Amino acid sequence: MSDKTKKLLLVSACALVDADGRVLIAQRPEGKQLAGLWEFPGGKVEAGETPEETLVRELAEELGIETKVACLAPLTFASHSYDDFNLLMPLYVCRRYWGIPQAKEHAALKWVRPNKLRDYPMPPADAPLIPFLIDLL
Ligand SMILES: Nc1nc2c([nH]c(=O)n2[C@@H]2O[C@H](COP(=O)(O)OP(=O)(O)OP(=O)(O)O)[C@@H](O)[C@H]2O)c(=O)[nH]1
C-alpha cells in the first residue's frame, strides 16, 4: 500500500564501461547504510542539478575521473521502495572518461562482466538493472 509520508529520493547512477565491456561497481564503506554492498557509482541529485550534472560531479568526487554530460547515455531506471524512502534512480552508461577510477569514498572497486554482476551483493533496487546491462553489453 502507498505510504504518503515516504519521500521520493532521486539518485543518479552510472555504469562505467571499459573497452572489454566490463562494468565498474563500488563497495559501500563501513558505517553507511547498506555497507558492504556493491553499487553503481553515483549519488543524490542536489537542488538545481540535472541528473547528468550529478553524475559528472559524483564520478569526480567518488572515483577521481572526469567525464562530460554528453558522454552519459541513459539506459534504464530503478524504482524501489525502501523502508524510509522511495528511490527513483536513472542508470546511465558512460564509456568515455578521463583518468583511472580510484576508490576515494568506497571500500573497493571492481570491473565485472554484466553476467557476473549477480555474484556481488547489491542493494535491492539494483537487481532489475542487471538484465539491461547484459543485453547492452
Ligand atoms: N549510488 C548508488 N546509490 C544506490 C544504488 N542502489 C541504491 O539503492 N542506492 C541508494 O541510493 C542512495 C544513494 O545515496 P548516496 O550514495 O548519495 O548517499 P549515501 O547513502 O552514501 O549517504 P550520504 O548522504 O552520506 O552521502 C542510497 O540510499 C543508496 O542506498 C546504486 O547502485 N548506486
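## Exercises on a predicted model

The protein chain has two helices and seven strands. Keep in mind that this is a predicted model. Let's work through it together.

**Exercise 1.** Find the pattern that the protein chain follows along the sequence, and decide how compact the chain is.

*Solution.* Start with the order of the elements: read along the sequence, they give β-β-β-β-α-β-β-β-α. Next, take the radius of gyration, which is 14 Å; the globule rule gives 14 Å for 137 residues, so the protein chain is as compact as a globular protein of that length. Then look at the extent: the C-alpha trace spans about 45 × 35 × 30 Å along its principal axes. Finally, 31% of the 137 residues count as buried.

**Exercise 2.** Work out the strand order of the open sheet and name its edge strands.

*Solution.* Three strands make up this open sheet, in the order β3-β2-β7, with antiparallel pairing. An edge strand pairs on one side only, and this holds for β3 (38–39) and β7 (108–112). Now look at one pair: β2 (residues 23–27) joins β3 over two bridges, in the antiparallel sense. Here A26 stands opposite E39 in β3.

**Exercise 3.** Describe the shell around the ligand: how many residues surround the ligand, and which elements give two or more of them?

*Solution.* First, count: 14 residues surround the ligand, and the closest are E39, G42, G43, P123 and A125. The elements giving two or more residues to this shell are β1 (7–16) and β4 (42–44). The largest share, three residues, comes from β4.

How values were computed
Residues numbered from 1 in each chain as written. Predicted model: local features only at pLDDT ≥ 70, side-chain atom pairs only at ≥ 80, totals over all residues. Near = placed C-beta within 6 Å. Helix = DSSP H or I, 4+ residues; strand = E, 2+ residues; numbered from the N terminus. Pairing = 2+ DSSP bridges. Rg over C-alpha atoms; globule rule 2.2 N^0.38 Å. Buried ≥ 20, exposed ≤ 12 C-beta atoms within 10 Å, placed from the backbone.
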